[in-house]
Amino acid sequence: MKITMVKKIMEDGKECKKCGEVYERLKAGNELGLIDNIVTADVRDSRSEGHKLVKKYNVDIAPFFIVEDADNVTIYKTYMELKRKVLKKVVEEADVDIEERRKAGTEERSIDIFHSVPSKKSISRSDYDIEKLNKEFENSTPQEVLEWGLKELHPSIALAWSGAEDVAVVDMMVKINPQARIFTLDTGRLNPETYNLIDKVRQKYGINIEVLFPNAAETEEMVRTKGVNLFYHSVENRSLCCNVRKVKPLKGMLSTLNGWITGLRRDQAVTRIASKKVEIDENFGGIIKLNPLADWTHKEVWDYIHKNDVPYNALHDKGYPSIGCAPCTRAVESGEDIRAGRWWWESPESKECGLHVNSK
Ligand code: SF4
């Protein structure tokens, strides 16, 4: 069975309100992992993939869902209908399968890890010999690492794209599998250049980028009690802000996946020197973490970007080697460390936002 969700992009480039609400409901119900494909019908672009599906199935409502099962195609126009008739069934079947395997004594350890998120493929830690894989990948290209990850885990693996130079990974992934999943965290404090790049990448590659937002109530409470620019006052406040705006939305997303991909490199920071190409991320439920660029240098990334005509963040040309949220990123002087412009008021050892720690 294949489930496709068609969302609508409005004239102003924003996703339709209802589409956003339904997406959030899927996420809150741990059901995003059951959706195989999310495409957008952009009202400004009649060639968009979603537009073609709107025409093909003559649907006048957004979002809608296309469920393909053997030779049958069924259109669901509401989330509740999809949940009642399809998602519930898929979850029940997955539970029965797990129960049967339990009774037979053949269930794997991972089933408990992923039980709350019925995934397309249950993985077990013992399925992967991380040390051996890293030896095998020692001299591999990023594309070879990505090919392995996508073959093993797609659609239960996605790239966490930060809108910075790891756009090179977007290019590589789309060339390997145009359906590869890419998401980004919209903290609400990004630079305009980063938002422009997200749309540019979406258009150039004709792909959907899943944009995740922080919880509104939690963000409001944080800002009300600590101030809008709380991060400048202490490492504690900064960690809180990163936790609310980045880590929690990431955690929600990763709870639906068996693996994630990053653009992390060893030469970026003292905190990243030990990064391996394949890791088990204990921080996020023991899922696979792939760092295909781990052994690449800053120069290698930029050679790739220029050679392949990959769109990049305009801030890089304004002296920003590393890009995060607007108030926490500044340009650096020539010769300064590439992470010197991130949280420049803190010591290098504390300069992580909680997305990349303690992987094995
Ligand atoms: S980088 Fe700055 S603004 Fe962005 S989430 Fe972290 S502390 Fe908040």
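Mentor: Let me start with one term: two residues are in contact if their C-beta atoms, placed from the backbone, lie within 7 Å. The model is a predicted one, in which local features need pLDDT of at least 70 and side-chain atom pairs count only at pLDDT 80 or more, while totals for chains, interfaces and linings use all residues. Residues are numbered from 1 along each chain as its sequence is written.

Trainee: Among contacts between residues at least 6 apart in sequence, what share joins residues at least 24 apart?

Mentor: For this chain that share comes to 68%.

Trainee: And how many helices and strands are there?

Mentor: The chain has 11 helices and 10 strands, where helices (H or I, at least four residues) and strands (E, at least two) are DSSP runs numbered from the N terminus.

Trainee: What percentage of the residues is buried?

Mentor: Of the 360 residues, 39% count as buried, and here a residue is buried if 20 or more other C-beta atoms lie within 10 Å of its own, exposed if 12 or fewer, and partly exposed in between, with the C-beta atoms placed from the backbone.

Trainee: Let's look at helix packing. At what angle do H6 and H7 cross?

Mentor: Helix H6, residues 142-153, and helix H7, residues 167-176, cross at roughly 55 degrees, and their axes come within 10 Å. Axes are lines fitted to C-alpha atoms, for helices over the stretch in contact, and angles run from 0 to 180 degrees between N-to-C directions. H6 and H7 are therefore oblique to each other, given that angles under 35 degrees count as roughly parallel, over 145 as roughly antiparallel, 65 to 115 as roughly perpendicular and the rest as oblique.

Trainee: Which residues in H6 and H7 meet there?

Mentor: From H6 come Pro-142, Gln-143, Leu-146, Glu-147 and Leu-150, and they meet Met-172, Met-173 and Ile-176 in H7. By class, that contact of H6 with H7 has six nonpolar, one polar and one charged residues, where Ala, Val, Leu, Ile, Met, Phe, Trp, Tyr, Cys and Pro count as nonpolar, Asp, Glu, Lys and Arg as charged, and the others, Gly among them, as polar.

Trainee: What about H9, is it mostly buried or in the open?

Mentor: Helix H9 runs over residues 216-226, and the number buried among its 11 residues is one, so H9 lies largely in the open. H9 is followed by Gly-227, whose phi is positive, near 100 degrees.

Trainee: How do H9 and H10 pack?

Mentor: H9 and helix H10, residues 235-254, pack at an angle of about 160 degrees with their axes 10 Å apart, and they are therefore roughly antiparallel to each other. On the H9 side Glu-218, Thr-219, Met-222 and Lys-226 take part, and they meet Asn-237, Leu-240, Cys-241, Val-244 and Arg-245 in H10. This contact of H9 with H10 has, by class, four nonpolar, two polar and three charged residues.

Trainee: Where does Asn-243 lie?

Mentor: Asn-243 lies in H10 and is partly exposed, with 17 other C-beta atoms within 10 Å. Asn-243 and Pro-214 are 29 residues apart in sequence and 9.4 Å apart in space, C-alpha to C-alpha.

Trainee: Switching to the ligand, which of the residues around it come nearest?

Mentor: Of the 13 residues around the ligand, Phe-231, Cys-241, Cys-242, Cys-325 and Cys-328 come nearest, where a residue counts as near a molecule or strand if its C-beta atom, placed from the backbone, lies within 6 Å of it. The shell has seven nonpolar, two polar and four charged residues by class.

Trainee: Now the backbone: is the bond from Ala-62 to Pro-63 cis or trans?

Mentor: The peptide bond from Ala-62 to Pro-63 is cis, with omega near 0 degrees, and Pro-63 sits in the loop between helix H2 (49-57) and strand S3 (64-69). The peptide bond from His-154 to Pro-155 is also cis, with omega near 5 degrees, and Pro-155 lies in the loop between H6 and strand S5 (157-160).

Trainee: What is the phi of Asn-58?

Mentor: Asn-58 has a positive phi of about 50 degrees although it is not a glycine. Asn-58 lies in the loop between H2 and S3 and is exposed, with 7 other C-beta atoms within 10 Å.

Trainee: Last one, which residues does Ala-331 touch?

Mentor: Not counting residues up to four places away in sequence, Ala-331 touches Lys-318, Gly-319, Tyr-320 and Gly-341. Ala-331 is found in the segment after helix H11 (298-307), and it is exposed, with 12 other C-beta atoms within 10 Å.
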